[in-house]
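Hello,

Here is the structure I promised to pass on.

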Amino acid sequence: MEAIQTCEVMVYTKIFLKFLHKFWPCGPGKEFFMYAHERRGYYTFWQHMENAFPGSNILVVTLMNRESKRVEAQSDEETLKEAMGVLKNMFGPNIPNATDILVAATATIQSSLIINLFTILRPQWDASSLPVNTEVNNLVVMSMVDT
């Protein structure tokens with residue numbers, strides 16, 4: 001029980017934005033980009049989907065923990081306004097507005113079949129001893145460990 005209590009559960013949210021055309025850099029080494037803001041985790045990690053889905057004109061931003069919970073509690077319209085503000089700071093004021101938004105929220109999803117949790121392991125843990133893809137009461141619990 002003590003070992004379980006040393007894990008911090010992370011909330012993880014992906015926001016997908018669809019555009020009429022791309023305005024971000026593409027090509028080798030340009031799939032991911034970051035945004036620095038005074039507020040930690042504020043729309044920081046961005047990825048374009050052109051490599052996986054050419055011509056899709058989709059950007060994905062990943063939020064975690066406090067920012068995830070905050071964004072999941074607000075409307076999609078407010079989230080879109082914030083995300084577009086960040087993109088205009090990064091790429092200039094003349095970029096097109098997103099035509100669609102999908103907030104893939106994990107903190108607010110209530111499912112009896114799948115629970116998607118990411119944990120931060122404390123340094124004293126030996127990650128190799130953790131169970132992977134363990135079934136508990138008809139739920140599949142998957143652990144993703146960075147070693």
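This is a predicted model: local features need pLDDT of at least 70, side-chain atom pairs count only at pLDDT 80 or more; totals for chains, interfaces and linings use all residues.

Residues are numbered from 1 along each chain as its sequence is written, and side-chain values use heavy atoms, with hydrogens and water left out.

Let me start with the strands. Helices (H or I, at least four residues) and strands (E, at least two) are DSSP runs, numbered from the N terminus. Strands count as paired if DSSP finds at least two bridges between them. Strand S3 (residues 32–34) pairs with strand S4 (residues 45–48) in the antiparallel sense, over 3 bridges. S4 also runs antiparallel to S5, with 4 bridges joining the two.

Next, the backbone. Most residues other than glycine have a negative phi. Asn 57 has a positive phi, near 55°, and sits in the loop between S4 and S5. For burial I use relative accessible area: buried is under 20%, exposed is over 50%, and partly exposed is in between (1.4 Å probe, protein chains only). Asn 57 counts as buried because its relative accessibility is 12%. Asn 65 also has a positive phi, near 55°, but its place is in helix H2 (residues 65–72). With 30% relative accessibility, Asn 65 counts as partly exposed.

Now the aromatic rings. Rings of Phe, Tyr and Trp (its six-membered ring) pair if their centres lie within 6.5 Å; planes under 30 degrees apart count as stacked, over 60 as edge-to-face and the rest as tilted. How many aromatic pairs does this rule give? The count comes to 7. One of them is Phe 19 with Phe 23, an edge-to-face pair at 5.1 Å centre to centre with 85° between the planes. Phe 19 is buried, at 1% relative accessible area, and Phe 23 is buried at 19%. Phe 33 and Trp 46 form a stacked pair, 6.5 Å centre to centre and 0° between the planes. Since Phe 33 lies in strand S3 and Trp 46 in strand S4, this pair ties together parts that are 13 residues apart in sequence. Both Phe 33 and Trp 46 are buried. Ring pairs link Phe 19, Phe 23, Trp 24, Phe 33, Trp 46 and Phe 91 into a cluster.

Taking contact as heavy atoms within 4.5 Å, and leaving aside neighbours within four places in sequence, Thr 79 touches Ile 15, Tyr 43, Val 71, Gln 74, Ile 101 and Val 103.

Finally, the surface. Met 34, Phe 45 and Met 64 form a nonpolar patch there, with about 290 Å² of accessible area together. Patch members have over 30% relative accessible area and no salt bridge; like charges are joined within 9 Å, nonpolar side chains (Val, Leu, Ile, Met, Phe, Trp, Tyr) within 5 Å. A salt bridge is a side-chain nitrogen of Lys or Arg within 4 Å of a carboxyl oxygen of Asp or Glu, and accessible areas come from the Shrake-Rupley method with a 1.4 Å probe, where for residues only the protein chains shown count as cover. Met 64 lies in strand S5 (residues 58–64) and, at 31% relative accessibility, counts as partly exposed.

Best wishes
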